[in-house]
Amino acid sequence: VIGRSRRTTGARGEFCLGAPMRGELILRVTYPGLAPHVGPVHPGPDVPPLEIKLERGNVLGGRVLDEGGRPIAGATLSFYLDKPRDLGRWADTDQSGHWLVEGLPLGVVQLECFEYGYIPVEKNDVPTGRRDLDVVMTRSGGIKGTIVDGANQPITRFRVALTPSMHPGDLQAARPPATWGLPGRLFETPD
């Protein structure tokens, strides 16, 4: 984030946001219940003031399920117009796997769904204005093991990470979280 303002606007909705660089930047303006404005801007000393109109927002909701149709609690969904134009809207699933997000633009959005222990899901061209979208996630694999030293004694504090095999041109992915259930004995990825 280059510049961010959480201050109250003036009586006429004025705002002023400094940008420490020139060139094209993406401006995102959000307000609860209204569709966000996301678009390019070109900051500079002689740029005339913008007038941005936020329109009534739309909803999108549904469930996140595993392959067997069971609800997944705690999954996170993020919404985009097109990457990297993040809409600043997200939702977490409840215990029954349901989620609802308000203030999306009319039309279509992209969504991503994440939960530890599952392969992330991306959906493109998802129409807003519905509450019945099922997102089905597939369990990811994992590893278990024991960490010992050369004398076969358990190592009680260690770091371990899984990263994808890298090929020229690949971007490095974030490391998944990891814990050990019995320190020095068993490393487990969340299931």
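This is a predicted model: local features need pLDDT of at least 70, side-chain atom pairs count only at pLDDT 80 or more; totals for chains, interfaces and linings use all residues.
Residues are numbered from 1 along each chain as its sequence is written, and side-chain values rest on heavy atoms, with hydrogens and water left out.

The protein has zero helices and 12 strands (DSSP runs numbered from the N terminus, with helices being H or I of at least four residues and strands E of at least two). From the N terminus on, the order of elements is accordingly β-β-β-β-β-β-β-β-β-β-β-β. Of the 191 residues in the protein, 26% are buried (buried denotes under 20% relative accessible area, exposed over 50%, and partly exposed the range in between, with a 1.4 Å probe and protein chains only).

An open sheet of three strands has the order S6-S3-S9 and mixed pairing, two strands being paired if DSSP finds at least two bridges between them. Strand S6 (98-104) and strand S9 (130-137) are at the edges and have a single partner strand each, so one side of each is left without a neighbour in the sheet. Neighbouring strands of this sheet are turned against each other by 30° on average, direction ignored (axes are lines fitted to C-alpha atoms, for helices over the stretch in contact, and angles run from 0 to 180 degrees between N-to-C directions). Six bridges connect strand S3 (residues 58-66) with S9 in the parallel sense. Leu60 has Arg130 in S9 as its bridge partner.

A further open sheet comprises four strands in the order S5-S4-S7-S8, with antiparallel pairing. Its edge strands are strand S5 (86-92) and S8, each of which pairs on one side only. The twist from one strand to the next averages 25°. S4 and S5 run antiparallel and are joined by four bridges; Leu77 stands opposite Ala91 in S5.

One aromatic pair is counted under the criterion that ring centres of Phe, Tyr and Trp (its six-membered ring) lie within 6.5 Å, where planes under 30 degrees apart count as stacked, over 60 as edge-to-face and the rest as tilted. Phe79 and Trp99 form this tilted pair, with 5.8 Å centre to centre and 35° between the planes. The pair links distant parts of the chain, as Phe79 belongs to strand S4 (residues 76-80) and Trp99 to strand S6, 20 residues apart. Both Phe79 and Trp99 are buried.

On the surface, Phe15, Leu17 and Leu50 form a nonpolar patch with about 280 Å² of accessible area together. Such patches consist of residues with over 30% relative accessible area and no salt bridge, like charges being joined within 9 Å and nonpolar side chains (Val, Leu, Ile, Met, Phe, Trp, Tyr) within 5 Å. Accessible areas come from the Shrake-Rupley method with a 1.4 Å probe, and for residues only the protein chains shown count as cover; a salt bridge is a side-chain nitrogen of Lys or Arg within 4 Å of a carboxyl oxygen of Asp or Glu. Leu50 lies in the loop between strand S2 (34-41) and S3 and counts as partly exposed because its relative accessibility is 47%.

Positive phi values in residues other than glycine include those of Asp125, near 55°, and Asn152, near 60°. Asp125 is part of strand S8 (residues 121-127) and, at 60% relative accessibility, counts as exposed. Asn152 is located in the loop between strand S10 (144-145) and strand S11 (179-182); with 59% relative accessibility, Asn152 likewise counts as exposed.
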